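Biologist: I am new to this structure and would like to learn how to read its features step by step. Could you take me through them?

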Amino acid sequence: PRSESGTTETPEARATPAADPAKDSAEIRKVITDFYNWYNKNNAKFFEYRLYSGVKKKDAPPYKINWDEVEKYQGFIRSTVPQLGEEFIQNQKRFLQQCDSAFKVDVEDDIPYGFDYDWYTNSQDDAQYLVDEINKPVPWPITWSGDYAVVPIRGSYDDGSKQVENTLVVLTMKKENGLWKIAKIGGE
């Protein structure tokens, strides 16, 4: 099979095409661009929630996840960020459970596991760079598998001698109740 970009896929990447790939591609692109354009202006709202705290001293290890605050945070996502789907919220909750487990093992680390990068850009960079790349009118090589689609967002930079292309972030999309939603940002 061929991906949207026209490249031949490997047998491992074989996927079932969407019912209407052009329509679904346009909807997926809109969901992603709408989310990141909104996020770039409003990401400070995500950092208002104290998802973890020090067990013995404020802002000092060992840490723990504040599950009541996680519920409020995910309520904010559900009510304010329609591009992030229910599967995204469940994946995020599993990730926070992993963080909580890691906190119990590594009780000395000053930087809490999982909180040293922006989960929504999957990097430590400012969101503006990703937004600039997302808003470029270039095709995205979407790989389909039933109600799922995987979208690598590619970007390029000048390394001094040539333009270098790389994958900035990979998004997994899922069709939930007939609408495409972001199910996962980044890899494992």
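Modeller: We will go from the overall layout to pairs of helices, then to one residue, and finally to some details of the backbone. Please keep in mind that this is a predicted model.

Biologist: Which helices and strands make up the protein, and in what pattern along the sequence do they come?

Modeller: The protein has four helices and six strands, and their pattern along the sequence is α-β-β-α-α-α-β-β-β-β. Of its 188 residues, 39% count as buried, while the accessible surface comes to about 10,800 Å², with 51% of that belonging to carbon and sulfur atoms. If you take the contacts between residues at least 6 apart in sequence, 54% of them join residues at least 24 apart.

Biologist: How should I read the packing of two helices, and at what angle do the axes of H1 and H4 cross?

Modeller: One looks at the distance between the axes, then at the angle, and then at the residues that meet. Helix H1, residues 21–42, and helix H4, residues 127–134, have axes that come within 10 Å and cross at roughly 150 degrees. An angle over 145 degrees counts as roughly antiparallel, and therefore H1 is roughly antiparallel to H4. The crossing in which H1 passes H4 is left-handed. On the side of H1 the residues in contact are Arg29, Ile32, Thr33, Tyr36, Asn37, Tyr39 and Asn40, and in H4 they meet Ala127, Gln128, Leu130, Val131 and Ile134. Sorted by class, this contact has seven nonpolar, four polar and one charged residues.

Biologist: How do H2 and H3 pack, and what is the handedness of their crossing?

Modeller: Helix H2, residues 67–80, packs on helix H3, residues 86–105, at an angle of about 160 degrees, with the axes 11 Å apart. That angle makes H2 roughly antiparallel to H3, and H2 passes H3 in a right-handed crossing. The residues of H2 that take part include Trp67, Val70 and Ile77, and among their partners in H3 are Ile89 and Leu96. By class, the contact of H2 with H3 divides into six nonpolar, four polar and five charged residues.

Biologist: Where does Asn177 lie, and is Asn177 buried or exposed?

Modeller: Asn177 lies in the loop between strand S5 (163–176) and strand S6 (179–185), and Asn177 has a positive phi of about 50 degrees although it is not a glycine. With a relative accessible area of 81%, Asn177 is exposed, whereas Asp59, at 46%, is partly exposed.

Key: Residues are numbered from 1 along each chain as its sequence is written. This is a predicted model: local features need pLDDT of at least 70, side-chain atom pairs count only at pLDDT 80 or more; totals for chains, interfaces and linings use all residues. Side-chain values use heavy atoms; hydrogens and water are left out. Axes are lines fitted to C-alpha atoms, for helices over the stretch in contact, and angles run from 0 to 180 degrees between N-to-C directions. Angles under 35 degrees count as roughly parallel, over 145 as roughly antiparallel, 65 to 115 as roughly perpendicular and the rest as oblique. A crossing is left-handed if the near helix is turned anticlockwise from the far one by less than a right angle, and right-handed if clockwise. Contact means heavy atoms within 4.5 Å. Ala, Val, Leu, Ile, Met, Phe, Trp, Tyr, Cys and Pro count as nonpolar, Asp, Glu, Lys and Arg as charged, and the others, Gly among them, as polar. Buried means under 20% relative accessible area, exposed over 50%, partly exposed in between (1.4 Å probe, protein chains only). Accessible areas come from the Shrake-Rupley method with a 1.4 Å probe; for residues, only the protein chains shown count as cover.
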